[in-house]
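User: I'd like to go through this model with you, a bit at a time. Can we start with a helix end and work outwards from there?

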Amino acid sequence: KNNLILAMDIMELQKAEKVCETIGNQIDTIKIGYPLTLAEGIKTIKIFKENYNYQIICDYKVADIPATNSKIAEQTFKNGADGIITHGFVGEDSVKACQDKADEYNKDLFLLTEMSHPGAKRFLQKDADEIAKMGVEMGIKNYVAPATRINRLKEIREIVGKDSFIISPGVGKQGGEAKKTLEYANAIIVGRSIYESENPKKATEDIIKSTK
Ligand code: BMP
């Protein structure tokens, strides 16, 4: 529908549903992470799918040994997720465990190459190109790369190629700009700028407008 994914990091289901009711069908994909899942349970995936017909990307930043990654991915897909985000720094075998589960359920795997916050520069950024290259070697098609450092996003795009799908967090509150980000990413992920806004519907409209 459009290239905006809402990061639903609200810790009360009722409030989260209220945001969905206000923004309605302006979006078709949301990202659910630990804040909402730990607060309200994994059932939230099905609630958003059934009540709002959204596609759900689960952001559990999976980063464990292969056997455990496989179990986490299994539970995530079993509970209705359409996609899962996994960390790349844990290495090929761990990522492969998630990839195999995604294939088994015919769902999407998103490989996180590098994070958007300032602290990521010290460790994660050093390996990000290698993580992206590993993803390409593994045949991974979907990536997460930062909107806060456009030069890095551009470099990741160059590595993963034009046919890969990049989703990019860090627009708005973290300082990234929607339109610039979409020069290199296929979709932006926005959380607080929408759900913390007085008027989430207008905030969503404004972001969509700003991308045009
Ligand atoms: P916000 O727009 O409120 O900054 O939210 C961004 C979302 O993307 C949050 O859910 C955050 O956990 C996630 N995220 C991020 O900000 N940077 C990354 O590198 C990876 C993420 O998943």
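User: What follows α1, and what is its phi like?

Analyst: This is a predicted model, and in it α1 is followed by glycine 24, which has a positive phi near 55°.

User: OK, and which residues of α1 are buried?

Analyst: The helix covers residues 13-23, and its buried residues are Leu13, Ala16, Glu17, Val19, Cys20 and Ile23. Viewed down the axis of α1, these buried residues fall within an arc of 155°, so they line one face of the helix.

User: Why would that sort of spacing put residues on one side of a helix?

Analyst: An α-helix has 3.6 residues a turn, so residues three or four places apart point the same way.

User: Which exposed residues sit on the face turned away from the buried side of α1?

Analyst: That face carries Gln14, Lys18 and Glu21, which are exposed.

User: And what covers the buried residues?

Analyst: The cover over the buried residues of α1 includes the strand β1 together with the helices α2, α3 (43-52), α9 and α10 (200-210).

User: Switching to pockets: what volume does the largest one have?

Analyst: The largest pocket has a volume of about 490 Å³. It is lined by 26 residues, and those closest to its centre are Asp9, Lys31, Asp59, Pro169 and Gln174. Two or more lining residues come from each of β2 (29-33), α2 (34-40), β3 (55-62), β8 (187-190) and α9 (192-195), with α9 giving the largest share, 3 residues.

User: How does that lining divide by class?

Analyst: The lining of the largest pocket divides into 12 nonpolar, 7 polar and 7 charged residues.

User: What about the second largest pocket?

Analyst: Its volume is about 270 Å³, and of the 19 residues that line the second largest pocket, Thr29, Gln55, Ile57, Phe110 and Phe165 lie nearest its centre. The elements that give two or more residues to this lining are β1 (4-7), β3, β5 (108-112) and β7 (165-169), and the largest share, 3 residues, comes from β3. By class, the lining of the second largest pocket has 8 nonpolar, 7 polar and 4 charged residues.

User: Last one, arginine 152: buried or exposed?

Analyst: Arginine 152, which lies in helix α7 (residues 150-160), has a relative accessibility of 6% and therefore counts as buried, the cut-off for buried being under 20%.

User: What does the side chain of arginine 152 make a polar contact with?

Analyst: The side chain of arginine 152 makes a polar contact with that of glutamate 155, at 2.4 Å. Leaving aside residues up to four places away in sequence, arginine 152 touches Glu114, Gln125, Ala128 and Asp129.

Key. Residues are numbered from 1 along each chain as its sequence is written. This is a predicted model: local features need pLDDT of at least 70, side-chain atom pairs count only at pLDDT 80 or more; totals for chains, interfaces and linings use all residues. Side-chain values use heavy atoms; hydrogens and water are left out. On a 1 Å grid over the protein atoms alone, a cavity is a set of points where a 1.4 Å probe fits but cannot get out, and a pocket is an open set with protein on both sides within 12 Å along at least five of seven lines; lining residues have an atom within 4 Å of a point. Grid points are joined across faces, edges and corners, and a volume is the space filled by probe spheres set on the points. Helices (H or I, at least four residues) and strands (E, at least two) are DSSP runs, numbered from the N terminus. Ala, Val, Leu, Ile, Met, Phe, Trp, Tyr, Cys and Pro count as nonpolar, Asp, Glu, Lys and Arg as charged, and the others, Gly among them, as polar. Buried means under 20% relative accessible area, exposed over 50%, partly exposed in between (1.4 Å probe, protein chains only). The arc is that of the directions from the helix axis to the C-beta atoms. Contact means heavy atoms within 4.5 Å. A polar contact is a pair of N or O atoms within 3.5 Å; within protein, one must be able to donate a hydrogen and the other to accept it, and residues adjacent in sequence count only if both atoms are side-chain atoms.
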